[in-house]
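Me: Could you take me through a close look at one part of this model? I'd like the cut-offs spelled out as you go.

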Amino acid sequence: MEMGFRGTVTDAPDFDASADAETLYNAMKGIGSDKEAILDLVTGRSNAQRQEIVQAYKSSYGKDLIDDLKYELTGHFERLIVSLMRPQAYHDAKEIHDAIKGAGTDEKCLIEVLASRNNQQIHDLVEAYKDAYDSDIEEDVTGETSGHFKKMLVVLLQGTRDEPGVVHTDLIEEDAQVLFAAGEEQWGTEESIFIMLLGNRSFDHLQMVFDKYQEIAETSIEDSIKSELSGDFENLMLAVVQCIRSVPMYFAKRLYKSMKGLGTQDNTLIRIMICRSEIDMLDIRECFRMSYEKSLYNMIKEDTSGDYKRTLLALCGGDDDLAGEFFPEAAQLAYKMWETSAMTKVQLRPTIRPASDFDPAEDAQNLRKAMKGFGTDEDVIIDIVANRSNEQRQEIRQAFKSILGRDLMKDLKSELSKNLERLIIGLMLTPAEFDAKMMRKAMEGAGTDEHALIEILVTRSNEEIHAMNAAYEDGYKKSMEDAIQSDTSGRFSQILTSLVQGAREQGPADWDRALVDAQELADACNEDSDDMEIKFMSILCTRSFPHLRRVFQEFVRCSNKDIEQIIKNEMSGDVKQAMYGIVRSVKNQPNYIAERLYKAMKCIGTDDRALIRIMVSRSEVDLFNVRKEFKETHDCSLHEFIQVETMVGDTSGDYRKTLLMLCGGQD
């Protein structure tokens with residue numbers, strides 16, 4: 001669909017290249033330079049006009065404008081201004097050259113540039129690279145890459161994708177079937193099929209193929225790629241798919257990743273802000289607002305400084321009201337995202353499976369030997385406990401008592417300490433006992449861990465909640481409902497009480513009822529906060545997840561707003577966190593859990609209780625899916641993140657080893 005110009009930088013009216021050249025010359029003349037004059041002029045002109053200024057500068061002063069700017073400016077500001085002065089194709093060429101000729105290859109840069117450019121931009125890039133470096137870009141890229149990753153990059157460098165609007169209607173179902181047969185339907189993946197189709201068909205055609213694929217496979221193409229592929233090739237194919245879905249959303253995610261966490265990925269930030277400022281920055285801003293808790297403008301403002309910040313903000317073009325309505329294109333995208341979520345049946349994959357040739361008596365004897373006498377053999381304990389399913393661990397507990405007349409849990413507690421003891425004991429409890437214990441820990445002592453209460457209750461099935469209630473009452477001689485009501489108050493307490501009933505409806509969406517629910521939620525947004533919270537609670541705490549996906553999809557149509565943004569902006573405190581947790585869990589539970597893991601480790605000092613709680617409770621459910629979501633969201637594998645973030649003090653050694661075994665792989 002042609003959407004017209006959606007950039008933030010346009011041709012300046014009454015443009016005079018010679019006058020601009022003189023302004024820049026005067027701004028750099030003498031001691032020091034007038035940086036504000038430089039950034040105002042450069043960001044106020046289109047790239048085509050800047051090229052005329054470069055020529056006029058050389059004609060008037062016999063000097064190279066870019067050389068003078070490099071001499072006068074410094075740091076990120078210099079890189080940004082100089083990059084703005086290059087033709088876009090030459091800027092892309094320099095980014096690719098720097099990515100493959102420096103110390104190590106910057107695969108993320110290669111992926112971003114080549115996955116997102118159209119045919120003409122690719123052709124211009126190839127020519128500019130040849131002109132600037134007297135070298136063939138394909139030869140240089142293939143010399144620094146390998147395998148299927150290299151093959152897909154070569155396909156993209158041809159710039160031979162079918163043009164926009166070209167749809168082979170007779171091939172849509174066939175292409176979807178071929179992709180399904182190449183991946184989900186067989187052991188191993190026929191990567192060449194993915195490369196051929198995703199590298200050559202038009203975006204319009206592939207969007208229809210992906211819809212058909214979802215009908216056939218009952219899972220999204222993204223989930224299949226995460227499941228079947230790995231490494232740089234997986235990252236590249238996911239980027240291609242994301243660009244096919246929505247180029248602005250892809251860049252919104254890239255911009256967010258460039259600024260979140262410690263340190264800014266300035267090269268990525270500069271590259272995207274330059275290359276999209278004259279194409280679709282308005283749509284990127286809207287996608288950013290839809291996906292994250294702040295506008296792109298405010299995130300740049302908080303993450304950068306000085307003239308560099310002012311230049312980036314000028315390219316951004318303005319702040320966005322977080323409570324505002326969607327642009328038509330963004331509303332359509334939000335509706336499509338919920339539709340995709342509603343259609344997808346995610347295949348949940350654990351990281352811990354039952355051990356083969358399992359002998360509970362032998363394991364019990366070996367555990368006793370590991371704890372007998374002077375010192376404890378932690379390696380034996382870890383290798384046994386972390387490589388058995390929970391059901392097998394319960395058999396070991398029983399065998400330990402039957403054969404040795406001892407309580408395995410008491411022995412483990414006496415022999416282990418600190419976080420390793422908490423982790424091993426957590427693994428030895430049944431899931432219901434462990435959940436009950438985690439709920440108890442979240443409510444005991446000074447202060448309540450509201451995030452833990454929310455996380456547990458919004459991610460457990462009715463059956464799991466019923467088992468947890470029984471385990472809580474058995475272990476602590478008090479109902480969990482009474483404990484919650486004693487420890488929390490107000491609307492938040494009511495939400496938790498509703499969830500702890502384990503009475504959420506089951507089954508598929510009721511389309512007619514979903515339309516009614518969506519309209520009721522939209523109408524509630526215009527009521528006072530109490531009435532709004534009551535209506536949201538009555539629907540979000542009781543309807544089945546498949547039904548809520550359809551409700552949230554239709555909510556976009558009813559209100560022209562996204563349910564997440566409404567919750568973030570219209571609610572507050574623990575009520576907001578609980579409602580937001582439900583929505584995130586409905587939308588993509590593995591992604592929600594991945595975000596909880598990230599928050600547990602990203603701050604100064606690891607939240608080990610949260611880390612243990614999630615790793616134990618998800619290892620036999622969906623930790624593989626969580627790993628994939630973590631990698632995609634944070635550009636770092638969960639395995640690597642655990643290694644880095646659990647390196648100090650008590651959070652090291654045997655504890656870290658056990659966590660990594662539960663993680664199950666490096667992605």
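To start with, is Glu 391 buried or exposed?

Reply: Glu 391 is exposed, with a relative accessible area of 62%. Here exposed means over 50% relative accessible area, buried means under 20%, and partly exposed is in between (1.4 Å probe, protein chains only). Keep in mind that this is a predicted model: local features need pLDDT of at least 70, side-chain atom pairs count only at pLDDT 80 or more, and totals for chains, interfaces and linings use all residues. Residues are numbered from 1 along each chain as its sequence is written, and side-chain values use heavy atoms, with hydrogens and water left out.

Glu 391 sits in helix H24 (residues 390-404). Helices are DSSP runs of H or I with at least four residues, strands are runs of E with at least two, and both are numbered from the N terminus. From Glu 391 to Glu 107 the C-alpha distance is 42 Å, across 284 residues of sequence.

For a contrast, take Leu 420 in helix H26 (residues 418-428). Leu 420 counts as buried, at 9% relative accessibility. Leaving out residues up to four places away in sequence, Leu 420 touches Glu 378, Ile 382, Asp 654, Tyr 655 and Thr 658, where contact means heavy atoms within 4.5 Å.

Helix H28 (residues 450-459) is mostly covered, with 8 of its 10 residues buried; among them are Ile 454, Glu 455 and Ile 456. In helix H12 (residues 191-200), the buried residues include Phe 194, Ile 195 and Leu 198. The buried residues of H12 pack against helices H10 (147-157), H11 (172-182), H13 (203-217), H14 (221-228) and H15 (231-245).

Now the charges. Side chains of opposite charge can pair when their charged atoms come close. A salt bridge needs a side-chain nitrogen of Lys or Arg within 4 Å of a carboxyl oxygen of Asp or Glu, and that rule gives 43 salt bridges. One of them joins Lys 63 and Asp 68, at 3.4 Å from N to O. Lys 63 is partly exposed at 37% relative accessibility, whereas Asp 68 is buried at 14%.

Arg 271 pairs with Glu 95, their closest N and O atoms being 2.8 Å apart. Arg 271 lies in helix H17 (residues 266-276) and Glu 95 in helix H6 (residues 88-101), so this pair ties together parts that are 176 residues apart in sequence. Both Arg 271 and Glu 95 are buried.

Then there's Lys 257 with Asp 635, where the closest N and O atoms are 3.5 Å apart. Lys 257 belongs to helix H16 (residues 247-259), while Asp 635 is in the loop between helix H38 (623-634) and helix H39 (638-645), so the pair links parts 378 residues apart in sequence. Lys 257 counts as buried at 15% relative accessibility, and Asp 635 as partly exposed at 22%. Through shared partners, salt bridges join Arg 79, Glu 95, Glu 112, Arg 254, Lys 257, Arg 271 and Asp 635 into one network.
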